[in-house]
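The points below are grouped by topic.

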Amino acid sequence: MTDRSDIFDSVTAQIAPFNKKGVALTESTSFAGDLEWDSLTVMDFVAAIEDEFDILITMNMQAEIETVGQLVDAVEKLKA
């Protein structure tokens, strides 16, 4: 069982290639606001996360995930 900090580290590693502005990543970093991602970037990123953790993030879940911390929570729940 991976713990939250491991998931956070993996998530931030997945964000890195998409983090064009080198934004410092915290639990409260928002994808739209801080990282300024468009919907296409989000889709590519979600696919990378799904592959990394072998999970499926539904469109409904995606709609509720706005920050790094919320994504970590979602991954943690899906991996449980």
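Helices here are DSSP runs of type H or I with at least four residues, numbered from the N terminus. The model is predicted. On that basis, Asp9 belongs to helix H1, which spans residues 4-15.

**Nonpolar core**

- The largest nonpolar core comprises 19 residues, and those with the most contacts inside it are Val11, Ile15, Phe31, Phe45, Ile49 and Leu71.
- H1, H2 and helix H4 (68-79) each contribute at least two residues to this core.
- H4 gives the largest share of this core, with 5 residues.
- Beyond residues up to four places away in sequence, Phe45 makes contact with Val11, Gln14, Ile15, Phe18, Phe31, Trp37 and Leu71.
- Among these partners of Phe45 are Val11, Ile15, Phe31 and Leu71, which are also listed with the most contacts inside the core.

**Largest pocket**

- The volume of the largest pocket is about 210 Å³.
- Its lining consists of Phe31, Ala32, Val42, Phe45, Val46, Ile57, Gln62, Ala63, Ile65, Glu66 and Leu71.
- By class, this lining has 9 nonpolar, 1 polar and 1 charged residues.
- Helix H2 and helix H3 (59-64) each provide at least two residues of the lining.
- The largest share of the lining, 3 residues, is supplied by H2.
- Phe31, Phe45 and Leu71 belong to the pocket lining and are also among the core residues with the most contacts.

- Is Ser30 buried or exposed? Ser30 counts as buried because its relative accessibility is 17%, and the limit for burial is under 20%.
- The Ser30 side chain reaches the backbone nitrogen of Gly33 at a distance of 3.0 Å.
- Leaving out residues up to four places away in sequence, Ser30 touches Leu35, Glu66 and Thr67; Glu66 also lines the largest pocket.
- Leu25 lies in the loop between H1 and H2 as well.
- With a relative accessible area of 23%, Leu25 is partly exposed.
- Apart from neighbours within four places in sequence, Leu25 is in contact with Phe8, Thr12, Ile15, Asn19 and Leu35.
- Leu35 is therefore a contact of both Leu25 and Ser30, under a cut-off of heavy atoms within 4.5 Å.
- Leu25 and Val68 are separated by 43 residues in sequence, with their C-alpha atoms 7.7 Å apart.

- Most residues other than glycine have a negative phi.
- Glu36 is not a glycine, yet its phi is positive at about 55 degrees.
- Glu36 is found in the loop between H1 and H2.
- Asp54 is likewise not a glycine and has a positive phi of about 55 degrees.
- Asp54 occupies the loop between H2 and H3.
- The relative accessible area of Asp54 is 69%, so Asp54 is exposed.

- Asp9, a residue of helix H1, counts as partly exposed because its relative accessibility is 47%.
- Which distance separates the C-alpha atoms of Asp9 and Val72? The C-alpha atoms of Asp9 and Val72 are separated by 9.4 Å, although the two residues are 63 residues apart along the chain.
- Glu64 is situated in helix H3.
- A relative accessible area of 61% places Glu64 in the exposed class.
- Glu64 and Ala13 are 51 residues apart in sequence, and their C-alpha atoms are 21 Å apart in space.

How values were computed. Residues numbered from 1 in each chain as written. Predicted model: local features only at pLDDT ≥ 70, side-chain atom pairs only at ≥ 80, totals over all residues. Heavy atoms only, no water. Buried < 20%, exposed > 50% of the residue type's maximum accessible area, 1.4 Å probe, protein only. Polar contact = N/O pair within 3.5 Å; in protein donor to acceptor, adjacent residues only side chain to side chain. 1 Å grid on protein atoms, 1.4 Å probe; cavity = no way out; pocket = protein on both sides within 12 Å on 5 of 7 lines; lining within 4 Å. Points joined across faces, edges and corners; volume = space filled by probe spheres on them. Nonpolar A, V, L, I, M, F, W, Y, C, P; charged D, E, K, R; others polar. Core = buried A, V, L, I, M, F, W, Y, C linked by side-chain atoms within 4.5 Å.
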